[in-house]
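Okay, thanks for coming, everyone. Let me put the model up, and then we'll talk about a few side chains.

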Amino acid sequence: VQATVRARFEAHARDPAAWHWGGLGVINRELNDLSLSDGAFFTTVSTLVLIVCLVLALRRKVAVLLAVIIVHLSSLFLLGLHLGLGYKLNMVTMILPTLVLVIGVTDGVYFISTYLQERPKLEARGFSKRDAIVRAVSYCFIPGLINSVTTSIAFLAFASSEMAVIRTLGIFAGLALSRAGR
């Protein structure tokens, strides 16, 4: 709509360069543009900080890669779905990738750290590495599931909001977080 108005104005105005655009529409567009560029920057920075923290905490490259790659794939799927359904990113929905990253990685770290803690005990009792993984996952499954389900339900509750942008955030965050840590 704004592009159409601008094109018509420029076609009929005597000196379009002398005019300045203003109003809520212009402010909202500029805020959305700024939030998209800043959001991309801060998502990158937060990912790098998260990776450094995971390396320090887990001290296992494969575990860090698994946690980060799985959650990034979930974020990419979420953004693809969001944009593919015709929604646009804005100041509110721009937090979706970082939100999925942080909450999804915490779920992944829970599974990985439980495995790393239990593996020496289980191997000392004669369990294989595969059995240690199965036991750690079975130990974490119910608490992890409850965490994902309750977090998803909390975000899906935003679907009852009267504001479309909050509804959209709630629906996409709830769906993404139900899958991010798995």
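So, is Glu123 buried, exposed or partly exposed? Glu123 is partly exposed, at 34% relative accessible area; the scale here calls a residue buried under 20%, exposed over 50% and partly exposed in between, using a 1.4 Å probe and protein chains only.

Quick housekeeping. This is a predicted model, so local features need pLDDT of at least 70 and side-chain atom pairs count only at pLDDT 80 or more, while totals for chains, interfaces and linings use all residues. Residues are numbered from 1 along each chain as its sequence is written, and side-chain values use heavy atoms, with hydrogens and water left out.

Back to Glu123. Its side chain forms a salt bridge with Arg119, 3.1 Å from N to O; the term means a side-chain nitrogen of Lys or Arg within 4 Å of a carboxyl oxygen of Asp or Glu. Both residues sit in helix H4, four residues apart, about one turn. Arg119 is partly exposed too, with 24%.

How many salt bridges does a search of the whole structure find? Two. The other pair is Glu118 and Lys121, at 3.5 Å, N to O. These two are three residues apart in H4, which covers residues 96-124, so about one helical turn separates them. (Helices are DSSP runs of H or I, at least four residues, numbered from the N terminus.) Glu118 is partly exposed at 25%, and Lys121 likewise at 49%.

Last stop: Thr151, in helix H5, residues 129-156. Thr151 counts as buried, at 18%. Leaving aside residues up to four places away in sequence, Thr151 touches Ile103 and Leu177, where contact means heavy atoms within 4.5 Å.
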